Each structure stands twice: as structure tokens, then as C-alpha cells.
Amino acid sequence: MATTFQIGRSEQGSTRILTLDGYLDAHTAPAFEKAIQEEFEGGRKNIVVDCARLTYISSAGLGVFMSFIEEIREAGGDIRLAAIIPKVYQVFEVLGFPTLFQIFDNTPAAVASFERS
Amino acid sequence: MPSFEKSFTLHVPSSTENLALIRDFVGNIGAKAGFDENEINKITLAVDEAVANVIEHAYGSDATREVTIRAVLDADALRFDIIDNGRGFDPGLIKQKDLEQLVKERRSGGLGLRLIRTVMDDVQYQIKPGEKNELRMVKKLKKR
């Protein structure tokens, strides 16, 4: 089956940017989990997830955000989300994620929020 | 108007690789039933969650097993039945925890069921572990 999910990685100052492309479901969530794990273990705890090209998310994908957030915040970092399309945002909203995570309209705004803090 | 009922059935190997194909199937039937895009997204998510639960929990990620997705469309509603013959579990016994609690426990589970219950109008289970487990989810058609 064709590759349907990709993760791009880049850096801006002390902030790591993970760019998601495609769909995040029970099949692709393990790759995302691995990526976040690697970032955290590599000492990078300010993470922006650029969701502009994320076309779909199910609870398996949401679960990755949930299972890491406490640990990363305890270490003084955060996972901040950016540029979520309405279809994906709707799923975040159904589960009450906007109260748990800082969500920004675009990636530069999310990166800037780390630089301010 | 005479009553009618149309049924569409998909049998797929129990692998998460097939979730995308299942979502396409559900989306096409949702459109055929006349739901708008927003509703189709919700129904698709519910079926995805239900099948992912079967793959992970009922079959323990054994890809040699089979999941059946049956869509039944009538004048009032679109119903999806998710059928497996793995280890059944009674979702009624699963305590719904709030989001903050799951985060504190570093657990990501339990979200799928919550999504299903939130987006569908009626959800029922018939559990006979090892024989046949069936989850029925109904989305009512809007009256025109």
C-alpha cells in the first residue's frame, strides 16, 4: 500500500517542528509515537506539530499527544499544535483537546510562543 | 412511499492497514445515504474507531482474522454493524475517565469508545466471546 503518512522534521532555535502529512490512524500512529519519543529522548522538549497537511485523525493519533504531554511538561517543555484543518479540529474538539493543548493558527505563531516563554 | 432497505457488506483482514480502505467504503455509503460532509466525517470516524478496537482488543492484532463491516440503509437511518469472532468485551463495564485523568495516568485508551458514543445516535453491543461479537451503530437521517 502506498505511503499515506509522513513526518517531516525541522528546527527553529530551540524549537523542534514536526510536520505531519497524510492520515494519523491506528496504522500510522506508531510512527508518530516513535518520532515524538525520539525527540524527547534527544532532549528536545519544545515541540511544535504542524498539522496543515494532516487530513485525518482518529483516537489512536490523539492518544500519542495524550500519552506524552504530561512527561514533556514535567520536563519543562510542551507540545503545541498549529494549522489544524477544520475536519481534524472537529475531532480534537469532540474530546475536549483544546482545553489540554495550546493550538495556534499557524506554525510561526506556535514557534514564537516558545520563544516568548 | 414503499419502505426499502439496502445492505452493503465488506469483509476485510484484521489489519490496521485496511482502515483507510474501510473509511473509503463508509464515506461512499454515507454520501449515498445523503449525509453532508460533516456528518460523513463523524460516521467514518466512528466506524474506524470500532474496527480499530476489534483489531487491537478482540483479535490482539492478529492479521489472519477477519472483520465484517455491514452497512444497512433504510428510509430513516444508516446503520453500521461491526462483526468479529474474537475476544469480546462489554464496553458497559469500561469506566469512562475524564481527559485529565487519562493524561495523568499517561494512558491514551478509552478515547475511541467515547468518540463513537458522541458521534452516533445509538450504539448497542451483542457479545458472545469467541463466537460472534456485534457492535451496532446508528445514525439517523435528517428528515427532509
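This note covers strands and helices of chains A and B in a predicted model.

1. Conventions. The model is predicted, so local features need pLDDT of at least 70 and side-chain atom pairs count only at pLDDT 80 or more, while totals for chains, interfaces and linings use all residues. Side-chain values use heavy atoms, without hydrogens and water; residues are numbered from 1 along each chain as its sequence is written, and chains are lettered from A and ligands numbered from 1 in the order in which they are written.

2. Strand S4 of chain A. S4(A) spans residues 78-82, and five of its five residues are buried (under 20% relative accessible area with a 1.4 Å probe, protein chains only; exposed is over 50%, partly exposed in between). A:Asp78, A:Arg80 and A:Ala82 are on one side, A:Ile79 and A:Leu81 on the other. Helices (H or I, at least four residues) and strands (E, at least two) are DSSP runs, numbered from the N terminus.

3. Partners of S4(A). S4(A) pairs in the parallel sense with S3(A), residues 46-57, over five bridges, and with S5(A), residues 103-104, over two bridges; pairing requires at least two DSSP bridges. A:Ala82 stands opposite A:Asp50 and has A:Phe104 as its bridge partner in S5(A). The chain passes from S4(A) through helix H3(A), residues 86-94, to S5(A) in a right-handed β-α-β crossover. Right-handed means that, with the strands pointing away from the viewer, the path from the first strand over the helix to the second runs clockwise.

4. Helix H2 of chain A. S3(A), H2(A) (residues 59-74) and S4(A) make a right-handed β-α-β unit. H2(A) bends by about 35° at A:Phe68, the angle between axes fitted to the seven residues ending there and the seven starting there. Buried residues in H2(A) include A:Phe65, A:Phe68 and A:Ile72. Just after the helix, A:Gly76 has a positive phi of about 90°.

5. B:Asn41. Neighbours within four places in sequence aside, B:Asn41 is in contact with A:Lys87 and A:Gln90 (heavy atoms within 4.5 Å).

6. Sheet of chain B. Five strands form an open antiparallel sheet in the order S1-S2-S3-S5-S4. S1(B), 5-13, and S4(B), 122-128, are the edge strands. S4(B) pairs with S5(B), residues 132-140, over seven bridges in the antiparallel sense, and B:Ile127 stands opposite B:Asn133.
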